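Subject: Structure handover

Hello,

The structure we spoke of is below. Please keep it open while you read the notes that follow it.

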Amino acid sequence: IPALALQGYGGGTSGAAQFVQSLTGAVGRRVGELVGLRITSINGTGATSFDPLAADSITIRPGTARSYSLSNANRFLSTNFDSVTRSDFFLGRQNARSLLDQVIQGL
């Protein structure tokens, strides 16, 4: 929560909605890590699909009437150009939905 407090949300319903989306991104990323998924490259400000495993999923939020979704595309893994330095990979891609399907089928 302290890192989320630095995001500078406004008051009222708008600030609460921004906080909930950031919290959703943070929780989604942690759950993905717990089942073996890796942090991927950033969503970016012009993103149309918001991957909760992206390095910037907490700071770049989907906004009104949009949501996070697990990517079914091969996304680059986190690099040294994003804010997540503890999980940098310089080579590789991840298809989060496909990997999650394999984890669920193995249970």
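A residue is called buried when its relative accessible area is under 20%, exposed when the area is over 50%, and partly exposed in between (1.4 Å probe, protein chains only). The model is a predicted one, in which local features need pLDDT of at least 70 and side-chain atom pairs count only at pLDDT 80 or more, while totals for chains, interfaces and linings use all residues. Residues are numbered from 1 along each chain as its sequence is written, and side-chain values use heavy atoms, with hydrogens and water left out.

Confidence

The pLDDT value is the predictor's confidence in each residue, from 0 to 100. Its mean over the protein chain is 75, and 80% of the residues reach 70 or more. Helix α1 (residues 2-5) has the lowest confidence, at a mean of 59, and α2 has the highest, at 83. Where pLDDT is low, the predicted coordinates should not be read in detail.

The chain as a whole

Helices (H or I, at least four residues) and strands (E, at least two) are DSSP runs, numbered from the N terminus. The protein chain has 3 helices and 2 strands, and from the N terminus on their order is α-α-β-β-α. Of its 107 residues, 34% count as buried. The chain exposes about 6500 Å², and carbon and sulfur atoms supply 60% of that area; accessible areas come from the Shrake-Rupley method with a 1.4 Å probe, and for residues only the protein chains shown count as cover. A contact means heavy atoms within 4.5 Å. Among contacts between residues at least 6 apart in sequence, 46% join residues at least 24 apart.

Helix α2

Helix α2 has 23 residues and reaches 33 Å from its first C-alpha to its last, close to the expected 33 Å at 1.5 Å a residue. That expected span is 1.5 Å times one less than the number of residues. Buried residues in α2 are Gly 15, Gln 21, Ser 22, Gly 25, Ala 26, Arg 29 and Gly 32.

Which residue forms a salt bridge with Glu 33? The partner is Arg 30, with the closest N and O atoms 3.4 Å apart. A salt bridge here is a side-chain nitrogen of Lys or Arg within 4 Å of a carboxyl oxygen of Asp or Glu, and by this rule the count comes to 1. Side chains of opposite charge can pair when their charged atoms come close. Both Glu 33 and Arg 30 lie in α2, 3 residues apart, about one turn of the helix. An α-helix has 3.6 residues a turn, so residues three or four places apart point the same way. Glu 33 is partly exposed because its relative accessible area is 27%, and Arg 30, at 38%, also counts as partly exposed.

Just after α2, Gly 36 takes a positive phi of about 105 degrees.

The loop between α2 and β1

Asp 51 lies in the loop between α2 (12-34) and β1 (75-76). Is Asp 51 buried or exposed? It counts as buried, because its relative accessibility is 2%. Leaving aside neighbours within four places in sequence, the residues in contact with Asp 51 are Thr 40, Asn 43, Ser 57, Tyr 68, Ser 69, Leu 70, Ser 71 and Arg 75. A polar atom of the Asp 51 side chain lies 3.0 Å from the backbone nitrogen of Leu 53. Gly 28 is 23 residues from Asp 51 along the chain, and their C-alpha atoms are separated by 9.1 Å.

Ser 71 lies in that loop between α2 and β1 and is buried at 11% relative accessibility. Not counting residues up to four places away in sequence, Ser 71 touches Asp 51, Asn 95, Ala 96 and Arg 97.

Val 35, in the loop between α2 and β1, is partly exposed at 34%. Leaving aside neighbours within four places in sequence, Val 35 is in contact with Leu 100 and Val 103. Val 35 and Ile 104 are 69 residues apart in sequence, and 9.4 Å apart C-alpha to C-alpha.

Regards

Conventions. Polar contact = N/O pair within 3.5 Å; in protein donor to acceptor, adjacent residues only side chain to side chain.
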